[in-house]
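Please look through the sequence and the 3D structure below before reading on.

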Amino acid sequence: MNAQPGAPLLDARARPLHDLRISVTDRCNFRCVYCMPKEIFGRDFQFRERSELLSFEEIERLARIAVALGVRKLRLTGGEPLLRRGIVDLVARLSALKTLDGNPVDLAMTTNGSALPVMAGQLKAAGLQRVTISLDSLDDARFKAINDVNFPVSRVLQAIEAAEAAGLGPVKINTVLKRGVNDDEILALAEHFRGTGQVLRFIEFMDVGTTNGWNLDAVVPSGEVVSRINERWALEPVTKTEPGETANRWRYTDGSGEIGVISSVTNAFCGNCSRARVSAEGQLYTCLFAGSGYDLRALLRGGADDQQLADALSGHWRKRDDNYSELRAALTPGKRTRIEMSYIGG
Ligand code: SAM
Ligand code: SF4
Ligand code: SF4
């Protein structure tokens, strides 16, 4: 089942499989307007039943097989991953996995932070290494309008502190920028996190799914973000340490740390994309913008052995030629079915 030494698993564009993002739930306690708008994800929305979700045994088994094929990084996401009951147990199971070169797998989580003040210590003890926490505004009224559940900024800041105190840092902060919504806060956000050791990452608003009303005018190009910050505090580029890294990194020349920009729209990074995703119900996606997945749960529950699962995973990866972001400009909006961010997990 192991990838042969010297013969890494490569897709049709010669990209290795190094990262696996695992969504553990499609539910969330926030209703961020760009991700789970209330008009769609309201009281009547049918989330998956618990029995439809992969069990921890199933997730662990898939992760073990993926790691044996060359995956080095696992990231738990959602929906809101901390809402999944028993998540600490899943972290403990996954943190025990070893990569092909015998090192512990790199295990991280993306979260809205709401449960971190209570859970950060347990997650660290179970083997979680790092967290990325989402925060789109420092202005309370605005942040509440974005998350649409009245969640205050102060509680996300507490979550960041709790994560740092528990040893889950340096914390990365994800900020999705939307023109006319929070692009006037670029400098305020940069100033807040400068000198803290925390790494603020500005994400271009993406056309994920079909419910978030995306249009190109709402995207704030990363180039603009970097030049606005650079006018105030000089920045210089940092060389990427990992080829599959999504963020372009910039450091303050005065030593106050670094920022990242994720330019999925204006500067697609498909050429280095080494990431596969598994949804909460076990669909495998080889691209964030995939229209359909491959049903790993059917294999898991149909009695497939590890070899068959490894063959399915590697077979799909070998065929993969996704480069949606590179093609975006040429595609006609609205002509394609896309899965939702809250389902696939970002
Ligand atoms: N609930 C967790 C959170 O918010 O961190 C994890 C899941 S969330 C889908 C993962 C990341 O995707 C978040 O940082 C969120 O801001 C980002 N995101 C969601 N919709 C997006 C969109 N349309 N464009 C860009 N980023 C988006
Ligand atoms: Fe929930 Fe995260 Fe989506 Fe916001 S971005 S609605 S916190 S899944
Ligand atoms: Fe990877 Fe697809 Fe995003 Fe390109 S569009 S970077 S292939 S997930």
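What follows is a walk through a predicted model, one region at a time.

Start with the interior. In soluble globular proteins, nonpolar side chains tend to be buried together. In this model the largest nonpolar core has 97 residues. Within this core, Leu74 and Ile229 touch the most other members. The element that gives the most to the core is helix α1, which spans residues 56-68 and supplies seven residues.

Which residues is Ile229 in contact with, once its neighbours within four places in sequence are left aside? They are Ile186, Leu187, Ala190, Phe202, Leu235, Tyr252 and Ile259.

Cys32 counts as buried because its relative accessibility is 16%, and the cut-off for buried is under 20%. Cys35 has a relative accessible area of 17%, so Cys35 is buried by that cut-off too. As for disulfides, a search of the whole structure finds zero.

Now turn to the ligand. How many residues surround ligand 1? There are 19, and the closest are Tyr34, Gly79, Ser134, Asn174 and Met206. Some of the contacts can be followed atom by atom. Tyr34 places a polar side-chain atom 3.0 Å from an oxygen atom of ligand 1. With Gly79 the backbone takes part: one of its polar backbone atoms is 3.0 Å from a nitrogen atom of the ligand. Glu80 has a polar side-chain atom that lies 3.2 Å from a nitrogen atom of ligand 1. On its own, ligand 1 has 550 Å² of accessible area, and the protein covers 94% of this. Strands also contribute to the shell around ligand 1: the elements that give two or more residues are β3 (106-111), β5 (172-177) and β6 (199-204).

The last stop is a loop. Ser274 sits in the loop between β9 (258-262) and β10 (275-278). Is Ser274 buried or exposed? Ser274 counts as buried, because its relative accessibility is 3% and buried means under 20%. The side chain of Ser274 makes a polar contact of 2.7 Å with the side chain of Asp19. Leaving aside neighbours within four places in sequence, Ser274 is in contact with Asp19 and also with Pro16, Leu17, His18, Gly244 and Trp317.

Definitions and conventions: Residues are numbered from 1 along each chain as its sequence is written. Chains are lettered from A and ligands numbered from 1 in the order in which they are written. This is a predicted model: local features need pLDDT of at least 70, side-chain atom pairs count only at pLDDT 80 or more; totals for chains, interfaces and linings use all residues. Side-chain values use heavy atoms; hydrogens and water are left out. A nonpolar core is a set of buried Ala, Val, Leu, Ile, Met, Phe, Trp, Tyr and Cys residues joined through side-chain atoms within 4.5 Å. Buried means under 20% relative accessible area, exposed over 50%, partly exposed in between (1.4 Å probe, protein chains only). Helices (H or I, at least four residues) and strands (E, at least two) are DSSP runs, numbered from the N terminus. Contact means heavy atoms within 4.5 Å. A disulfide is a pair of cysteine sulfur atoms within 2.5 Å. A residue is near a molecule or strand if one of its heavy atoms lies within 4 Å of it. A polar contact is a pair of N or O atoms within 3.5 Å; within protein, one must be able to donate a hydrogen and the other to accept it, and residues adjacent in sequence count only if both atoms are side-chain atoms. Accessible areas come from the Shrake-Rupley method with a 1.4 Å probe; for residues, only the protein chains shown count as cover.
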